[in-house]
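I opened my notebook to get to know a new structure, one entry at a time. Have a look along with me.

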Amino acid sequence: MDGLFPAGPTGFHDGTEVPLEIGLQLVRAMLRDNGAWCRLEAEGAFAVHVGWDQYLYISSSRPCEEALAHARELGLFPERLDASPYAFEAEEEEQVTQRPGDDDFWADLHRAVATGQAGMLEETYLEGSSRWHHLTSDTIDPVRAGLAPRARLAVWPSLSTDIDAVLGALPADGLVEGVWQDDDGNIRSALADEDEFPELAARMSRAHAAALLSVYAGERVPLCTAVLPDNDGVLRARCEPSRRRATATGQCVSPRVSASTGLPDWWSTGHRVAIGR
């Protein structure tokens, strides 16, 4: 991904518009299993999806007989399908409750931070890739200005300053996500299993504040979730139910919503979603 986008890897997010040459390089990266994956789509006209087995699915609103003939000349074997197995399905999208990250959301977030109910924002700009932001009344607006369009947002309580208690909650085995704030104020996170717990504990022991989060979708309950609109203010992010799973069997510390928070209902009823990439 280095050098592929003018703004660097942060330019790789849902809704990014790319020229043909970068699109071709993304397809090459996916076919070579270089770690990046996305759906490339010009809505209603053309789409390119790469499957986990490196099969290439190309959809077009027009016949591409010349391209098919050329592919066969090159020794490839194109086959017609009704649809790509990696296309978004309307019935999946309809199952997702989606709150837009609009002005009302940010006004409520300001109030939650001011009353001590919220302290962190998780920005998932790609499925599997998140950035964490420490929230204070002074930092909310700068954080908002730097978020990627279409990002999925999850609001969490503040980290705990009782580092010993956090580390004491590490399970005997399984998979957890550690989140911690360094002395420089930056929030970092890492997934770790039992073999990596010593390294995770060493990093978190030097932190200013920390928390352990469950990686089970059903147990990972933020105070609220929202999806950001595009730069023009229109909410176009397409979502599907999160497929995040884990192999953990131990119990993890996960912030829970208090019944007495006094926050609006949507703060405790949001659903996690996966942004289409």
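Here are my entries, from the whole chain down to single residues.

**Ground rules.** I am working with a predicted model, where local features need pLDDT of at least 70, side-chain atom pairs count only at pLDDT 80 or more, and totals for chains, interfaces and linings use all residues. Residues are numbered from 1 along each chain as its sequence is written, and side-chain values use heavy atoms, with hydrogens and water left out.

**The whole chain.** I looked up the secondary structure and found 7 helices and 12 strands in the protein chain. Helices (H or I, at least four residues) and strands (E, at least two) are DSSP runs, numbered from the N terminus. Of the 277 residues in the protein chain, 41% are buried. My cut-offs here: buried is under 20% relative accessible area, exposed is over 50%, and partly exposed lies in between, with a 1.4 Å probe and protein chains only. I then checked contacts (heavy atoms within 4.5 Å). Among those in the protein chain with a separation of 6 or more, 69% come from residues 24 or more positions apart.

I followed an open sheet of 3 strands, in the order 1-2-3, with antiparallel pairing. Two strands pair if DSSP finds at least two bridges between them. Which strands stand at the edges? They are strand 1 (40–42) and strand 3 (56–60); each has a single partner strand, so one side of each is left without a neighbour in the sheet. From one strand to the next, the twist averages 10°. Strand 2 (residues 46–50) runs antiparallel to strand 3 and is joined to it by 5 bridges.

The 12 residues of helix 1 should span 16 Å at 1.5 Å a residue, and the end C-alpha atoms are 16 Å apart, which agrees. The expected span is 1.5 Å times one less than the number of residues.

Which residues of helix 1 are buried? I listed Ile22, Gly23, Leu26, Val27, Ala29 and Met30. They cover an arc of only 160° around the axis, which puts them on the same side of helix 1. That arc is taken from the directions from the helix axis to the C-beta atoms. Their cover includes strand 1, strand 2 and strand 3. After helix 1 comes Asp33, with a positive phi near 55°.

**His13 and Tyr125.** His13 lies in the segment before helix 1 and is buried, at 16% relative accessible area. Leaving aside neighbours within four places in sequence, His13 is in contact with Tyr125, Leu126, Ala148 and Pro149. Tyr125 belongs to strand 4 (residues 120–126) and also counts as buried, at 16% relative accessibility. Beyond four places in sequence, the contacts of Tyr125 include Phe12, Asp14 and Arg131. Tyr125 and Phe12 are 113 residues apart along the chain, yet their C-alpha atoms are separated by 8.3 Å.

**Cysteines.** How many disulfides does the structure hold? I found 0, taking a disulfide as a pair of cysteine sulfur atoms within 2.5 Å. Cys64 is partly exposed, with a relative accessible area of 31%, whereas Cys224 is buried, at 1%.

Conventions. Axes are lines fitted to C-alpha atoms, for helices over the stretch in contact, and angles run from 0 to 180 degrees between N-to-C directions.
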